[in-house]
Amino acid sequence: MKMFTKLVLVSSMAISANAMAMQAMDDTALSAATGQDGINIGIALGAGGISIDKLYIHDNDGLQTSTNITGATGVAGAITIDGLNITQVGTGNLLDLVIDSDAGTAGAFLNIAASVGAVDVSIGSIGVAASNGTALADTVTAVRGVDGTPTEILSGLDLSLGAITANVQLGATPQGAMIKLDSTLQGGLTISNLGINDAAGGGQIYLDNIYVRGTGNSTGNLNIDTDISVTTSGLQLTNNSTQGMNVYIEGVRLGSSTAASIGDVEIQGLNVGTSTITISGH
């Protein structure tokens, strides 16, 4: 869904807290900010932002031979990301959290109101490789890694994301979902330098820029209205926004990043309706 990338960003910040500057607020500032009891947390990135050297997602049982898909071995493989960098755009806090607990009308809950500032995200090479072993063996270093050099699928991409707000409820969820995204992605979404590789053919589909903008305004702002829930079937994302989107793909190159462009692709008024994405293991 439109905001799934944003959810991944917030998760990355949570597990990389040592790279952030935590800004404490005294009682006076807290009172002025909220006018009530509660906890405020402000997080600002340093000049270097957040960086991850390598990210591996291991599939411990691989693709089963019973599928009869050519090449299936049932041996563990991994999706690999070689380099991830997140840098803050502008000054102030990248993430502000306002935390309150409430007795609730149908059960107590913890409410976390989050404001996330604009960021630039650079994702390195994305590929696949054989996992090193079938499970983590070294719990001391928490390093498993992969065997050999990954086969590159995507040469990488850059994302520019505008500011957005979200509300999280834990315990009872009177808002109807664990995470409620009901905000505006300021300036829309921009994806740059996206290269998709064909290992068999040796060539690449390369897109210079992808611009995703909201319709009905002159700023390109995207209205975000998404419910994110964890159901027994998996992670579920439901779009509630009725706003259309304009998508413009600039510079479609077939063969390599330096090949002549075949032109641009323009889509006006794309509307995905009340569609739902469910993510689960198998």
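This is a predicted model: local features need pLDDT of at least 70, side-chain atom pairs count only at pLDDT 80 or more; totals for chains, interfaces and linings use all residues.
**Entry 1: histidine 58**

I started at histidine 58, which is partly exposed at a relative accessible area of 25%.

I looked up where histidine 58 sits. It belongs to strand β3, which covers residues 50-59. Next I asked which residues histidine 58 is in contact with, leaving aside neighbours within four places in sequence. I listed Gly77, Ala78, Ser131, Arg144, Gly145 and Val146. With serine 131, I found a polar contact of 2.8 Å between the two side chains. I also checked threonine 80, which is 22 residues apart from histidine 58 along the chain. The C-alpha atoms of this pair are separated by 8.7 Å.

**Entry 2: the whole chain**

I stepped back to the protein chain. I noted 2 helices and 17 strands. The chain has 282 residues, and buried ones make up 36% of them. For the accessible surface I wrote down about 15,300 Å². Carbon and sulfur atoms account for 55% of that surface.

Then I turned to contacts between residues at least 6 apart in sequence. Of these, 65% join residues at least 24 apart.

**Entry 3: the core**

How many residues does the largest nonpolar core have? I found 41. Val121, Ile123, Leu157, Ile210 and Val212 have the most contacts inside this core.

Leaving aside neighbours within four places in sequence, its contacts include Val121 and Ile123. Ser122, Ile126, Ile191, Ser192, Asn193 and Leu194 are also in contact with leucine 157.

I followed up isoleucine 153. Its place is in strand β8, residues 146-161. Isoleucine 153 has 35% relative accessibility, so it counts as partly exposed.

**Entry 4: arginine 253**

My last stop was arginine 253, in strand β15, residues 245-254. Which side chain makes a polar contact with the side chain of arginine 253? I found that of aspartate 208, at 2.9 Å. Not counting residues up to four places away in sequence, arginine 253 touches Gln204, Ile205, Tyr206 and Asp208, and also Ala259, Ala260 and Ser261.

Terms used. Residues are numbered from 1 along each chain as its sequence is written. Side-chain values use heavy atoms; hydrogens and water are left out. Helices (H or I, at least four residues) and strands (E, at least two) are DSSP runs, numbered from the N terminus. A polar contact is a pair of N or O atoms within 3.5 Å; within protein, one must be able to donate a hydrogen and the other to accept it, and residues adjacent in sequence count only if both atoms are side-chain atoms. Contact means heavy atoms within 4.5 Å. Buried means under 20% relative accessible area, exposed over 50%, partly exposed in between (1.4 Å probe, protein chains only). Accessible areas come from the Shrake-Rupley method with a 1.4 Å probe; for residues, only the protein chains shown count as cover. A nonpolar core is a set of buried Ala, Val, Leu, Ile, Met, Phe, Trp, Tyr and Cys residues joined through side-chain atoms within 4.5 Å.
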